Every structure is written in C-alpha cells, then in structure tokens.
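Come along while I look up a few things.

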Amino acid sequence: MTDLEFDHHADEEVARGRPHPEGVLAAVERATARLLTMLEGMDDLSVREPSLLPGWNRAHVISHLARNADGCANLLTWARTGVEHTMYASKQDRDADISEGARRGHRLLVEDLAAASGRLAEAFRTLPSPSWLFEVEVAPGKPVPAREIPRIRLHEVRVHSVDLDFGFGFDDIPRHEIEWLLNDTVRQLGGRPDVPPLALHVEFTDGRGGTWRLGTPGSPEHRVRGSAGTVLGWLLGRTSADGLSGDPPELPPWL
C-alpha cells in the first residue's frame, strides 16, 4: 500500500484555485441520481421507518435533503446578486419546514426532493464564474466562498443517503468522493478544541492509503487505522470504532 500524506487544510482542487468546481458538480449530480433511485425502492410504509438519526424517520431525512437543496440555492442567489440571502430564515423555520414535509407520503417526498435538487442544479449551472469566489455565510459567522457549496451539498447527499439505512453505506461512496469528504470532515473537526490529537491512517479501496492529522502538532496522538468508509463513519458519529485498529478515543458529537 502506498502511503500518502494529506493536508486537511487544503486539497488539490482548492489549492489550484478553481472558481468553478466542475468535478464536484458532476459528483453532486451522480450522488443525487443514486439517492433518487434508492428512494424509488421505498413506499409509504418504509419512509415511516426509523433512520440512523435519533428522533428522525426516513421521511424527516428526505424532507431535510429537499430543504437543504433549497438552502444551498439561496446561498447561490446571494453569491450571484450580492444581496444577503441566508440559507434558512431561521433554525425554527428550518425545523418546522422539515417536520411539515415529513408528514407527506412517499411519492410527494420523492417529487419534492427531485424538484428541489433540480432547482439547485440549475442554480449551479447558471452561476457566473466570478460569483463562485463571492463569500456567503453557511451559518452566522461562518463565511465560505460559493465554490464550496457543491462540496457542502455532496456531503449532505452522501452522508444522509447512509442515514436512510436502506442499503447504502459509507463504503459505497466512490473513491475520489470519500477522499473529499474526509478532507472536509477533518478540516471541520480540526478547528474544534474538544477533538483529541489524532493520526488517521486511511486505507482506500484502490490499495492506496493516506494520513490525516488533527490536533496540536507535538501533542501525543491517538493513532487510528481503518478503511476510508469506517473512518469517515466514525468521525461523523454514525458508526462505532469496532472496525478500527489502534487506539481510537471517544469523539465529541458531530455538530
């Protein structure tokens, strides 16, 4: 296995400064198509079954994915016009919209998600190149350039596809996508003081490997090794450390 060292503060695409992330847009399209195909296998009974998220059934997850698509489109409107257009009006409105949507039947849930995903795809397609560099806030006090929105949406679609608990797991995420998701997850965790120092040795399906580090350099590290899917699921709080080797610590809840 070839071992590669990864910098969790930047990856190849961001380092190149591409304002228009074509590769990520294609990945979002593929992930959305896979998700919608999976949902076609459900029915009015199965959407009421529990998801992997506490307190949410599958209908809640599907409704959240639809509203997240509209939220991402709102951010692109902000980037295109320069006029503040937040992702959600408020957390209370977001939660109410998800709860209301979760009461729908299977067919309406799927149609809602497909329509919202289509609106987002059109917003991606028509965003002018300079607007990809415009900063928007994904949450109060958390500015990002618009070019990061496709990665944010990819994370939502792939991770919540797993949360639906309907035959799709972290190991089903394509090789290059799971590397992106690991980069983004480590970058978010790396800035949190409640995350212990970690050296993550990740094994990919193509036989290659990579190392991600979190925490203060020079501090004693917990050394953890595992497959990319197992490591990602553990970092996100979706799976236990049972499939990992080394000395995985207890992690704080994913925010």
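**Ground rules.** I am working with a predicted model, where local features need pLDDT of at least 70, side-chain atom pairs count only at pLDDT 80 or more, and totals for chains, interfaces and linings use all residues. I number residues from 1 along each chain as its sequence is written, and side-chain values use heavy atoms, with hydrogens and water left out.

**Whole chain.** I first looked up the secondary structure and found eight helices and seven strands in the protein chain. Helices (H or I, at least four residues) and strands (E, at least two) are DSSP runs, numbered from the N terminus. The radius of gyration is 18 Å, close to the 18 Å from the globule rule for 255 residues, so the chain is as compact as a globular protein of that length. That radius is taken over C-alpha atoms, and the rule is 2.2 Å times the number of residues to the power 0.38. Along the principal axes, the C-alpha atoms fill a box of roughly 50 × 45 × 35 Å.

Of the contacts with a separation of 6 or more, 67% join residues 24 or more positions apart; a contact means heavy atoms within 4.5 Å.

In UniProt, an unreviewed entry lists residues 29–164 as "domain: Mycothiol-dependent maleylpyruvate isomerase metal-binding". I keep in mind that such annotations may be inferred rather than shown by experiment; feature names are shortened, and positions follow the numbering used here. Over residues 29–164 I read 61% helix and 7% strand, with the end C-alpha atoms 19 Å apart.

**H106.** I found H106 in helix α5, which covers residues 106–126. Is H106 buried or exposed? H106 is buried, with a relative accessible area of 8%. Leaving aside neighbours within four places in sequence, H106 is in contact with L39, E40, M42, D43, D44 and V47.

**V162.** My last stop, V162, sits in helix α6 (residues 149–163). V162 is buried too, at a relative accessible area of 6%. Not counting residues up to four places away in sequence, V162 touches L52, F168, G169 and F170. I also checked V162 against L181, 19 residues apart along the chain, and their C-alpha atoms are separated by 13 Å.

Key. Buried < 20%, exposed > 50% of the residue type's maximum accessible area, 1.4 Å probe, protein only.
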